[in-house]
Amino acid sequence: MSQAKTIQDGHLTGWLPRLVANQGPRFLQIADALQAAVADGSLTPGDRLPPQRQLAAQLDVDLTTVTRAYDEARRRNLLEGRGARGTYVAAPKVELTSILDLSMNTPPPPAGVDFDDLLKQGLSQVLMRADSELLMTYHLAGGSDSDRKAGATWLAPMFGHLDARQVIVCPGAQAAIAASILTLTAPGDIILAEPASYPGLLAAATQFGRRVIAVAADQHGMVPGMLEQACRQHQPALVYLNPTLQNPTAITMPKHRRQELAGIARRCNVRIVEDDPYWLLADAPPPPVATFAPEQVVYISTLSKCLTPGLRVAFVLIRNPQERERFLDALRSFALMTAPLTAALATQWILDGSASRLMEGVRNEARLRHRMARTILAGRYGGTGDGLHVWLELPAYWNSAQLARAARSEGIAVTPAEAFATSTESVNAIRISLGSIKDRGRLQAGLQRLSHLLAQRSITPESASSPGTDTTSPP
């Protein structure tokens, strides 16, 4: 005879629900009670439940209600059927395969670069040349002289020779964006951005009580005439631009568009934050907007998107000395300093050439992955051949929220357009990040599964508008 306990045993009947008329369908109340009992240990894996007819009589409900309750519990992986032996509490489901994450914009691990060795050598050099006590104490915000010189070296491909005193070292681009908003705007001010824009901007603006308004964009980025009109209409304090391999659309603004936008910013006396994390990954990008309006633009370049996310260092170029001091005051209000050990490692890598070698490896790997995506996604590919992501406009029979849910059910994470929207209107698209899956073979499998999913018709119109899509801000 089976040794399994059943809920007829006295200590196992406590889970039975008291069904209440106004608390939802009865089958869900039963399934919820089962789930709660498993969660609190009242029922454990291997416990046998009573036959459905018996439970229906015990709860004074019809058999169909109990059948639906058991089916719902099976869907939640709470129960398993064992044929004639009955229904049992299931053992916890072990997830043997991790999600294929195409939602996080991180640099791909470059082939032929021993990252562990690079890290060990860099830290060894830092510890050999620096006072360990200085690496573990407070520093003034903005970086040491050597860190700022490294920042000027990092920015040299964009601007040529720079005065290192104009460079500020920040703990990542998000901190730099937040400090820029605090420096250049006041509560209630308006920030202009493209219709699909970096979620970190939206998060910071919301937290600080600023309002983001969308300015129309075309295949070259923000439309100059629409920017000028928006400046006259809204009197914004700030314009946010991500002009190179834009996140999420992957558009790179041509030189003439950058010049036009810089000219409008000067005429309308509005400041620009140029968030430019991908410039060094792009193939022959135009000069930054900041070269056309040096006093008008705060320029941000982060190492996290070119080298590795764990290196939380960004360099900010601000020409005006008084504005630099206000920026530092704002930065100190929420991020006293960049971690000295992290800044020292970044400086070491930049000055000894390791950063350039690592970035070249990332650039080459990213281009290989783009070629793979172009082949697998065929006519749907929406990339430019470089950078970290693809912007995929969807066929009419899918919408982005619905596809993101369907992909998740297939074990693939992508980011729907809603996560980037600065207005109520959103493009029907998803962002696919190519760097976060370490193994190229697994990336290929994920892209193939996604391609097959895209070729299928969506399930029902109702499912397209159902709530529950995760649009948490991605990087």
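The structure is a predicted model, in which local features need pLDDT of at least 70 and side-chain atom pairs count only at pLDDT 80 or more, while totals for chains, interfaces and linings use all residues. Residues are numbered from 1 along each chain as its sequence is written, and side-chain values use heavy atoms, with hydrogens and water left out.

Along the principal axes, its C-alpha atoms fill a box of roughly 85 × 55 × 45 Å. Of the 475 residues in the chain, 51% are buried (buried means under 20% relative accessible area, exposed over 50%, and partly exposed in between, with a 1.4 Å probe and protein chains only). The chain exposes about 22,000 Å², and carbon and sulfur atoms supply 51% of that area; accessible areas come from the Shrake-Rupley method with a 1.4 Å probe, and for residues only the protein chains shown count as cover. Among contacts with a separation of 6 or more, 73% join residues 24 or more positions apart, a contact being heavy atoms within 4.5 Å.

Next come the pockets. Rolling a probe the size of a water molecule over the atoms shows where empty space is left. Here, on a 1 Å grid over the protein atoms alone, a pocket is an open set of points where a 1.4 Å probe fits, with protein on both sides within 12 Å along at least five of seven lines, and lining residues have an atom within 4 Å of a point. Grid points are joined across faces, edges and corners, and a volume is the space filled by probe spheres set on the points.

The largest pocket has a volume of about 440 Å³. It is lined by 23 residues, and Leu135, Ser144, Ser146, Asp147 and Ala344 are the closest to its centre. At least two lining residues come from each of helix H4 (115–129), helix H5 (132–135), helix H6 (145–159) and helix H12 (340–352), and H12 gives the most, with seven residues. By class, this lining has eleven nonpolar, eight polar and four charged residues. In this scheme Ala, Val, Leu, Ile, Met, Phe, Trp, Tyr, Cys and Pro count as nonpolar, Asp, Glu, Lys and Arg as charged, and the others, Gly among them, as polar.

The second largest pocket contains about 350 Å³ of space. Its lining consists of 17 residues, with Pro195, Ala196, Ala217, Thr249 and Val427 nearest the centre. Strand S8 (217–218) and strand S14 (389–393) each supply at least two of the lining residues. The lining divides into eight nonpolar, five polar and four charged residues.

Turning to individual elements, helix H7 (residues 173–184) has twelve residues and should span 16 Å at 1.5 Å a residue, which agrees with the 16 Å between its end C-alpha atoms; the expected span is 1.5 Å times one less than the number of residues. H7 is mostly covered, with ten of its twelve residues buried. Among these buried residues are Ala173, Ile177, Ile181 and Leu184.

Ile181 is also a contact of Ala205, which touches Ile191, Arg210 and Val212 as well, leaving aside neighbours within four places in sequence. Ala205 is found in helix H8 and is buried, with a relative accessible area of 0%. Its C-alpha atom is separated by 9.1 Å from that of Ile190, 15 residues apart along the chain.

Ser197 sits in the loop between strand S6 (190–193) and helix H8 (199–207). This serine is buried at a relative accessible area of 2%. Not counting residues up to four places away in sequence, Ser197 touches Tyr240, Gln246, Asn247, Pro248, Phe420 and Thr422.

Most residues other than glycine have a negative phi, and most peptide bonds are trans. The peptide bond from Asn247 to Pro248 is cis, with omega near 25°, and Pro248 lies in the loop between strand S10 (238–241) and helix H10 (255–267). Ala250 is placed in the loop between S10 and H10; its phi is positive, near 65°, and at 3% relative accessibility Ala250 counts as buried. Gln235, in the loop between helix H9 (224–234) and S10, has a positive phi of about 50°. Gln235 is exposed, with a relative accessible area of 61%.

Notes: Helix = DSSP H or I, 4+ residues; strand = E, 2+ residues; numbered from the N terminus.
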